[in-house]
Amino acid sequence: MSTDLETLAREKLSLVLRDRPDPAGLDLGENLVETYGITSLNKVLFLTSLCKAAEVGLDNFTEDDLAGMRTLGDVVDALRPHAPLKG
């Protein structure tokens, strides 16, 4: 299992994307919807699985927080203060 939040986020995002890209190739700065074509449902699935794996409660985030997570980097930055994982 990954010990680094960024790596874990890349892995979890890859799992919800249709073409299952190599997690290492996912760019933290790219827009999840525009670049990766993530749907609202897939975003929820991604965030739910990532939060579970990172031991971060979704209750740490408001609806506005979730809407503001537009890039993989945004997601990592939002989870980082709540995660016991380093990175």
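Val76 is buried, with a relative accessible area of 3%; buried means under 20% relative accessible area, exposed over 50%, and partly exposed in between (1.4 Å probe, protein chains only). Val76 sits in helix α4 of a chain with four helices and zero strands. This is a predicted model, in which local features need pLDDT of at least 70 and side-chain atom pairs count only at pLDDT 80 or more, while totals for chains, interfaces and linings use all residues. Residues are numbered from 1 along each chain as its sequence is written, and side-chain values use heavy atoms, with hydrogens and water left out.

**Overall fold**

- From the N terminus on, the order of elements is α-α-α-α; helices (H or I, at least four residues) and strands (E, at least two) are DSSP runs, numbered from the N terminus.
- The radius of gyration of the chain is 12 Å, close to the 12 Å that the globule rule gives for 87 residues, so the chain is as compact as a globular protein of that length. The radius is taken over C-alpha atoms, and the rule is 2.2 Å times the number of residues to the power 0.38.
- Along the principal axes, the C-alpha atoms fill a box of roughly 30 × 30 × 20 Å.
- Of the contacts in the chain with a separation of 6 or more, 61% are between residues 24 or more positions apart; contact means heavy atoms within 4.5 Å.

**Surface and charge**

- Buried residues make up 36% of the 87 residues.
- The accessible surface of the chain is about 5200 Å², and 51% of this surface belongs to carbon and sulfur atoms. Areas come from the Shrake-Rupley method with a 1.4 Å probe; for residues, only the protein chains shown count as cover.
- There are 9 positive and 15 negative side chains, and the centres of the two sets lie 5 Å apart. Lys and Arg count as positive and Asp and Glu as negative, without His and the chain ends; each charge is placed at NZ of Lys, CZ of Arg, CG of Asp or CD of Glu.

**Helix α4**

- Helix α4 covers residues 72-79, and its buried residues are Leu72, Gly73, Val75, Val76 and Leu79.
- Seen down the axis of α4, these buried residues fall within an arc of 160 degrees, so they line one face of the helix. The arc is that of the directions from the helix axis to the C-beta atoms.
- The buried residues of α4 pack against α1 (5-16) and α2 (40-54).
- Val76 and Leu28 are 48 residues apart along the chain, with their C-alpha atoms separated by 8.6 Å.

**Loop between α1 and α2**

- Ile38 lies in this loop and is buried at 5% relative accessibility.
- Leaving aside neighbours within four places in sequence, Ile38 is in contact with Leu13, Val16, Leu32, Val33, Lys43 and Phe46. The C-alpha atoms of Ile38 and Val16, 22 residues apart in sequence, are 7.9 Å apart in space.
- Tyr36 is in the loop between α1 and α2. Apart from neighbours within four places in sequence, the contacts of Tyr36 include Leu13, Leu17, Gly25 and Leu26.
- From Tyr36 to Asp19, 17 residues apart in sequence, the C-alpha to C-alpha distance is 9.8 Å.

**Positive phi values**

- Most residues other than glycine have a negative phi.
- Arg20, in the loop between α1 and α2, has a positive phi near 45 degrees.
- Glu55, in the loop between α2 and α3 (63-67), has a positive phi of about 60 degrees although it is not a glycine. Glu55 is exposed, with a relative accessible area of 60%.
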